[in-house]
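This report examines selected local features of a predicted protein model. Please consult the sequence and the coordinates alongside the text.

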Amino acid sequence: MISSFGGPEVLRIADVPDPTVGAGDVLIEVAAAGVNRADISQREGHYPAPVGAPEWPGLEVSGVISEVGSEVTGFAVGDRVCALLSGGGYAEKVSVPAGQVLKVPQNVDLIDAAGLLEVACTVWSNVFLLADLRRGETLLVHGGSSGIGTMGIQLGKAFGATVAVTAGSEAKLAACAALGADILINYKTDDFVARLKAEGPGAHVILDSIGGSYLDRNIRALTTDGHILNIGNLSGEPGSLNFGVLMMKRGTIHGTSLRARSAAAKAAIVASVGENVWPLVANGAVRPIIDTRVPLADATKAHHLVESSAHIGKVLLTITE
Ligand SMILES: NC(=O)c1ccc[n+]([C@@H]2O[C@H](COP(=O)([O-])OP(=O)(O)OC[C@H]3O[C@@H](n4cnc5c(N)ncnc54)[C@H](OP(=O)(O)O)[C@@H]3O)[C@@H](O)[C@H]2O)c1
């Protein structure tokens with residue numbers, strides 16, 4: 001629970017009523033919840049929960065189904081699952097539309113699965129459904145060692161792309177290389193536009209969470225007909241758009257948000273992830289990259305860790321461990 005907007009210390013354990021289970025929902029006994037930057041913005045008071053969502057944070061969980069709504073097919077009590085939520089994942093129980101749930105493949109640890117669905121849905125819906133990344137093209141992922149970045153590298157490689165990443169340390173770049181990243185760019189010592197141009201025509205697709213301070217450089221790093229997918233503004237800065245270069249490259253800039261989508265739109269993305277990404281998870285080609293597990297009672301510590309950016313991959317809050 002967020003007791004008042006502010007730093008990580010405002011997070012509190014609180015008793016809340018059990019969620020109600022609608023005809024199209026399943027009830028999940030939560031094993032773990034993923035921590036996302038959106039949770040931090042929500043805690044600070046900058047990102048309110050959507051209408052109808054619980055007030056406490058948490059956009060993804062894993063756990064075991066304990067109740068199935070009367071109209072739900074394909075799930076049963078006892079199924080190991082992970083789910084995409086609009087909020088409320090920092091909890092012992094969540095009720096979620098069945099369309100936002102996937103079964104956890106047998107080879108994946110149930111707790112680790114809490115770190116899979118938000119990043120898989122974000123990367124898949126942007127890089128593949130929207131920008132249509134093709135085999136042999138170059139994908140540039142900013143923040144390559146982040147939760148999003150580690151999934152971006154794995155999916156880019158699984159679908160035959162050349163993957164370039166930026167990160168702020170050699171240790172983070174080594175982690176990206178271990179996941180298969182081809183072009184490693186330390187943004188503190190290297191210019192990503194110059195590096196991409198030295199390696200080839202530039203990036204066909206750029207997955208960008210840095211925003212304003214990278215806008216001009218992203219456009220310059222783009223190939224003709226390329227796509228910039230903006231999913232965040234970690235730089236906190238406004239951008240300057242060079243219309244002439246964008247026009248000559250016939251570039252496209254998309255801004256997207258997963259959380260703000262309707263339940264039907266989320267279900268369509270989850271179904272596409274189930275069809276296209278889940279077989280790669282089941283055969284081990286794509287896996288959750290987990291930095292740290294923190295008990296829910298220490299959520300403050302987990303938020304400090306994510307805000308420090310010291311992590312590689314995902315930070316999880318464990319409920320049942
Ligand atoms: N729009 C959507 O639907 C959607 C969905 C999911 C996530 N997101 C956004 O995508 C971004 C990445 O999410 P994530 O969960 O992968 O984040 P994360 O694991 O917390 O990692 C973010 C990384 O960004 C890098 N970074 C670069 N500049 C930064 C700055 N000024 N402040 C903080 N970090 C900076 C840091 O790595 P270095 O040390 O290498 O700099 C950091 O590790 C976040 O902004 C998140 O809100 C958007």
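**Helix H8**

In this predicted model, helix H8 covers residues 263-276 and contains 14 residues. From its first C-alpha to its last it reaches 20 Å, close to the 20 Å expected at 1.5 Å a residue. Lys266, Ile269, Val270, Ser272 and Val273 of H8 are buried. These buried residues line one face of the helix, because they fall within an arc of 160° when H8 is seen down its axis. An α-helix has 3.6 residues a turn, so residues three or four places apart point the same way. Ala264 and Glu275, by contrast, lie on the other side of H8 and are exposed. The packing partners of the buried residues of H8 are strand S3 (80-84), strand S5 (101-103), helix H2 (117-130) and helix H9 (278-282).

**Helix H3**

Helix H3 (residues 147-158) has 12 residues, which should span 16 Å at 1.5 Å a residue; the end C-alpha atoms are 17 Å apart, in agreement with that value. H3 is mostly covered, with nine of its 12 residues buried. Among them are Met151, Ile153, Gln154 and Leu155, and the buried set also includes Gly147, Gly149, Gly152 and Gly156. The elements that cover the buried residues of H3 include H2, strand S6 (138-141), strand S7 (162-167), helix H4 (170-178), H9 and strand S13 (314-318). Just after H3, Gly160 adopts a positive phi of about 85°.

**Cysteines and Ala282**

The model contains zero disulfides. The closest cysteine sulfur to that of Cys82 belongs to Cys121 and is 8.5 Å away; a disulfide requires a pair of sulfur atoms within 2.5 Å, so the distance is too far for a bond. Cys121 is likewise in no disulfide, its nearest cysteine sulfur being that of Cys82.

Ala282 is found in helix H9. Leaving aside neighbours within four places in sequence, Ala282 is in contact with Pro105 and Asn107.

| Residue | Relative accessible area | Class |
|---|---|---|
| Cys82 | 0% | buried |
| Cys121 | 0% | buried |
| Ala282 | 44% | partly exposed |

Conventions:
Residues numbered from 1 in each chain as written. Predicted model: local features only at pLDDT ≥ 70, side-chain atom pairs only at ≥ 80, totals over all residues. Heavy atoms only, no water. Helix = DSSP H or I, 4+ residues; strand = E, 2+ residues; numbered from the N terminus. Expected span 1.5 Å × (residues − 1). Buried < 20%, exposed > 50% of the residue type's maximum accessible area, 1.4 Å probe, protein only. Arc of directions from axis to C-beta. Contact = heavy atoms within 4.5 Å.
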